[in-house]
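Reader: I'm new to reading protein structures. Could you walk me through this one?

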Amino acid sequence: FFLFLKSKIRGYCWIHISRRAPVSCRIRTIRLFGGQVTSWKNDHGEELLFVSSKAIKPPKPFRGGIPICFPQFGTQGNLEQHGFARNRLWAIDDNPPPLPVNPAIKAFVDLILKPSEDDLKMWPHSFEFRLRIALGAGGDLSLTSRIRNTNTDGRPFSYTFAFHTYFSVSDISEVRVEGLETMDYLDNMKGKERFTEQGDAIVFESEVDKVYLAAPSKVAIIDHDMRRTFVVTKEGLPDAVVWNPWDKKAKAMQDFGDSEYKHMLCVEPAAVEKPITLKPGEEWKGRLGLSAVPSSYCSGQLDPLKVLHG
Ligand SMILES: O=P(O)(O)OC[C@H]1O[C@H](O)[C@H](O)[C@@H](O)[C@@H]1O
């Protein structure tokens with residue numbers, strides 16, 4: 001296993017973590033700008049995360065991969081949409097506090113974000129945000145966030161959060177999401193009104209922007225055409241946002257191709273409905289786990305329980 005800094009251009013670094021494998025190697029790319037994973041490939045070199053061909057350069061947020069929404073999700077507060085963490089230059093954390101040993105992890109990198117003077121003017125709270133990005137032997141990717149309140153004036157703070165994961169899919173019309181059936185959700189397209197999802201797996205025929213509440217710890221994204229299933233696991237993150245902008249919104253987005261909505265789906269483990277509150281000295285931990293497994297899905301033949309419970 002090895003880890004190296006690929007390039008350093010105008011202060012923005014890209015890190016590649018690779019795992020040598022007998023036939024090929026899997027490469028994951030992380031940008032220090034935004035602390036953002038932007039590439040996750042399988043043994044065949046196929047990209048598993050979506051990145052827009054029109055993604056623009058810093059200081060704008062980067063459209064694709066896994067942006068981190070903190071300390072605000074969406075427009076739920078006074079800060080810029082999705083908070084400032086996705087727009088800041090993170091640093092490599094050379095000496096992170098230990099995390100429990102996980103024998104499945106074969107390579108990892110630790111990043112850290114602390115607020116600048118300007119950040120403190122906008123959001124007057126001192127914090128340390130540590131992010132461990134790890135690869136398992138089978139190519140699984142995990143992101144563990146640790147956020148600590150380091151205020152010295154005794155004040156607690158509250159925040160909302162999301163791992164805004166963009167999955168690459170062959171054709172959104174052929175994708176099903178399983179695990180969110182019967183869940184309550186807030187519909188961002190209907191003034192955050194609360195509804196209950198029907199009993200069937202979720203399929204996509206138009207714009208979707210929903211926050212599923214108290215979502216299960218495992219959600220499956222089944223890509224019929226690719227015969228691939230993404231299994232998303234989450235810890236410490238009660239909600240799951242599902243987003244696809246569809247054609248009209250795609251056209252209105254400057255950093256997104258008109259037809260790219262067909263090839264992406266965001267499923268975002270999140271804490272949105274109930275903000276997380278930390279007192280000084282307290283730390284919160286949230287984890288996202290991703291794996292991509294072959295699925296021999298044929299319409300009507302899938303046993304969702306098998307996908308979700310192995
Ligand atoms: O365009 P962005 O600021 O990156 O946000 C992209 C999308 O993120 C989330 O999924 C929200 O629920 C959507 O309402 C938003 O449109």
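**A first look around the chain**

Author: Happy to! Buried residues make up 38% of the 310 residues in this protein chain, and please keep in mind that the model is predicted.

Reader: Which strands are the edge strands of the open sheet of nine strands?

Author: Start from the order of this open sheet, which is 6-7-8-9-21-18-17-12-15, with antiparallel pairing. An edge strand pairs on one side only.

Reader: Which residue stands opposite Val109?

Author: Strand 7 covers residues 105–113, and eight bridges join it to strand 8, residues 127–136. These two strands run antiparallel. In strand 8, the residue opposite Val109 is Ile133.

Reader: Which residues does the UniProt annotation "active site" cover?

Author: The annotation comes from an unreviewed UniProt entry. The residues it covers span 105 residues in sequence, yet no two of their C-alpha atoms are more than 4.7 Å apart, so they gather at one spot. The annotated residues are His164 and Glu268.

Reader: Is His164 buried or exposed?

Author: His164 is found in the loop between strand 10 (157–163) and strand 11 (166–168). A residue needs 20 or more other C-beta atoms within 10 Å to count as buried. His164 has 23 of them, so this residue is buried.

Reader: And Glu268, where is that residue found?

Author: Glu268 has 26 C-beta neighbours inside 10 Å, so this residue counts as buried. Leaving out residues up to four places away in sequence, Glu268 touches Ala162, Phe163, His164, Thr165, Ala240 and Val241. As for its place in the chain, Glu268 is found in strand 20 (residues 264–278).

Reader: How many residues of the shell around the ligand are charged?

Author: The ligand is surrounded by Pro61, Gly74, Gln81, His82, Asn188, Asp209, Val241, Trp243 and Cys266. Four of the shell residues are nonpolar and four are polar. The number of charged residues in the shell is one.

Reader: Which residues does His164 touch, not counting residues up to four places away in sequence?

Author: Two names here also belong to the residues surrounding the ligand, namely His82 and Cys266. Another name is the annotated Glu268.

Methods
Residues numbered from 1 in each chain as written. Predicted model: local features only at pLDDT ≥ 70, side-chain atom pairs only at ≥ 80, totals over all residues. Pairing = 2+ DSSP bridges. Helix = DSSP H or I, 4+ residues; strand = E, 2+ residues; numbered from the N terminus. Buried ≥ 20, exposed ≤ 12 C-beta atoms within 10 Å, placed from the backbone. UniProt positions renumbered as here; feature names shortened; annotations may be inferred. Contact = placed C-beta atoms within 7 Å. Near = placed C-beta within 6 Å. Nonpolar A, V, L, I, M, F, W, Y, C, P; charged D, E, K, R; others polar.
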